[in-house]
Every structure is written in C-alpha cells, then in structure tokens.
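Open your viewer and keep the selection tool at hand. This tour goes stop by stop.

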Amino acid sequence: MTQDFKPYANEADVLRIGDLEVENRVDRVTLTGDVVLTKDRAGLALAKELRALIGRVVMALEAEKQLPETVELKVTGTVKNPFA
Amino acid sequence: MPCDILSHMSRFLSLTLSLAACLAMPAWATTQCRAQFAAGVAPTITNPKLMPRTQEVCFESYAVLNSGISRTPLYSAEHLTRANVEAAKTLSRHDSFHPESSLPPQDRAELSDYARSGFDRGHMSPNGDMSNRSAQAESFSLANMVPQVHANNAGIWAGIEGAARQLAVSEGEVYVVSGPAFIGSDLQRIGNVLVPTHLWKVLYSPAQHRAGAYVITNDDTRTYSSVTVSALEKMIGVSLLPGLSQKIRDSGMELPKPASQRGGNRRKSQPVDEFALRDFSRTIISAITRASQHRGNQP
C-alpha cells in the first residue's frame, strides 16, 4: 500500500496503517492517531509498512537540495465576514 | 412540497413533469437526502446572508449543504447507527482528498486552496463513521471539509467524533449534524476558502427524545461548551432540526464526554479526562448575542 505513496507529491493521498492516518500534503506529511505493533505476524506486517513509509519520507527530504529550516506557509488573508 | 407527494400525484401528471418539478426546486426548500436527517427534514437557513450560492449534495452516508461563498459545507448530516460504527472499525483504507465534481467550479474548494495553508482539511462527517469503502471514499470530498487547526482536528474534535460513535453504539442510532460557524466582523481566508471561527456538532438521540450540541473554537483548545440546539441555531443562523419539536430543540442533553482517541477504544477502563466542559463560556454567549443583534439590524 505504501509503495504508491509519494511523500510531498500531492495534496490528495491518505493511507491508513493500524489506526494511524497518514496524510500527504505538498509541505508536510501528517500522521494522526495511533498504531499498536503487537508481537505477532500482524504487528510485523504493520511495522514493515511503517518502516517503508518513513523510509520514503526520509528519502524525499534528503533528496531536497535546499531543505529550509522551517517550511514556509502562504500568508492567510483577512476578509470582511460576508455572513455577519 | 416533498417530492414523494409529487410522486403520488404522478398518476394525474406525467412522471416526467413531477421529476422535473423535484429537480427544479431550490436545495433549501426540499431535500433529496432524507435518510440523513432527523424526521427526514433538512436543516433550513434562517440568516439570509448564508443563502446565496448554496447547493445540497447527497452522498451514500452523509449530506451537505455547500456554500459557494465560504466554499465549505454549512452543515454535514449523518444518521449514525450501531451497525455503521461496527462495520467502520474493520476497514483499512487508501483514499484521496478530492474537489467535489458535482459542484460548480466557482463555488467549490480545490486542493490548491488548502495547500501550504497550515490548516487541516477537517472532516465534518468523519470518515471513521463510514461503514463501507465507497462511503469512506466519498467522505474525502472537499464538500465535507473546512479549514481546521491541526491540534483541534486531531485532539478535541476527534474526541467529540468518538463520543458521537459511542452514543450510536450504546443507543443503536443517533442523528448527527456538524458544521462551521463564522462569527465576528472579519474572517481568515485561505485561497478562496473561509476559515471558520468555531465548529459544532449536534447530537439528537431518538431514544432519549433529547438533543444538544458541542461548540468549540477553531484553535488548539482543549475545552468545549455544551449548548441547546436552539441556542446554536440562533448563533449560526441555520435551523438544524426543523423536523423535531421545539421542546426537543430546547431540551439540551447530557452529551457524552469527548475522550482522547489515543489508544482507540481499547482502554475503556481508564477514562481519559483531558477535554474539559466549559460551562456556557462568555465567548459563546457573546457570540450568540452578537449574531442575533446583527440579524436584528437586517432591513
């Protein structure tokens, strides 16, 4: 499942590993929830999936030529409340 | 006039005519998504400023009213049952956030609006409620999303979603309506999408004949307010449960406590008390007052 997930490539992908939700964004990869790696076959499968995912994240970040100290966000605009 | 009445009349009219009449009706006057609403009646807008460019979209397991002004849902409704929740637990998934293709491009959010904004795409009807693959895939439509602070989405909001599921499991069913509130004179905007100041979730329990709502600010809060449905309706300018009696909408309800979603439901024996109920906080009351004053000034 993780092999289709290209970290930072789009704003669309969502993966689920255990109860962990992995969300792809162009400026971040978000991991929300939790995952329990039980000492059994299922735990090993989940652990390998997680490792593959993290491996791809590290590779993508290391491949960036100029990785900034802190990611830059677009400036949020302010508008008059059209509903007030 | 509901479409089923028109259908009954169709032995006198041609079927085509009655279908055309149904399709031509504005979204706020009737609904095609009856299954998601208590008593089969969709919420209605009471603040006329919310009315322009609205469109209802029905999905398999939830229904939204999209605003082309905020490019968010104004509400997202679902009929949550024990069976749904239990089926949802077993699903693994690989999904995609996507713009809602049934909405006109000038009225819908795009992925690019949210990109590099720092905000989460916060589900109003949570994907964790969806009982099968197609319903889950649909829950990732941007028509179901608002810009939400990440700590909020992953924290108290996830806790409130879990509490709603818990109630559905213990009572068998619950009607849920969730959405954003846009309060105050100025709003933040990311791309073309307005950032809500508050989020709310209404629970209606048919078993208890009671309803109530959680209200939270869209920030890293760990506290929530519990309000009656009628107080929330005044605050946001939408009549949320118009199919139910005023008594139920005024009733308020002992809302299940939002619990941390960390550890899923496996640690029921250790109640986590990290989200606090804030008794009718001043901010909520003044927001309601302000909102109703604004409306009072309408010509």
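A contact here means heavy atoms within 4.5 Å. This is a predicted model, in which local features need pLDDT of at least 70, side-chain atom pairs count only at pLDDT 80 or more, and totals for chains, interfaces and linings use all residues. Residues are numbered from 1 along each chain as its sequence is written, chains are lettered from A and ligands numbered from 1 in the order in which they are written, and side-chain values use heavy atoms, with hydrogens and water left out.

**Stop one: a serine in a loop**

Select B:Ser141. It sits in the loop between helix H5 (133-138) and strand E7 (145-148) of chain B. Helices (H or I, at least four residues) and strands (E, at least two) are DSSP runs, numbered from the N terminus.

Is B:Ser141 buried or exposed? B:Ser141 is buried, at 0% relative accessible area. Buried means under 20%, exposed over 50%, partly exposed in between (1.4 Å probe, protein chains only).

Now show what B:Ser141 touches. Beyond its neighbours within four places in sequence, it contacts B:Phe59, B:Tyr62, B:His98 and B:Glu100. Next, pick B:Phe119: its C-alpha is 16 Å from that of B:Ser141, and the two are 22 residues apart in sequence.

**Stop two: the disulfide**

Select B:Cys33 and B:Cys58. Their sulfur atoms are 1.9 Å apart and form a disulfide, a pair of cysteine sulfur atoms within 2.5 Å. The count over all chains is 1. Look along the S-S bond: at -75°, the link is left-handed.

B:Cys33 lies in the loop between helix H2 (15-24) and strand E1 (44-45) of chain B, and B:Cys58 in strand E2 (residues 54-58), so the pair ties together parts 25 residues apart in sequence.

Finally, colour by accessibility. B:Cys33 is buried at 5%, while B:Cys58 is partly exposed at 35%.
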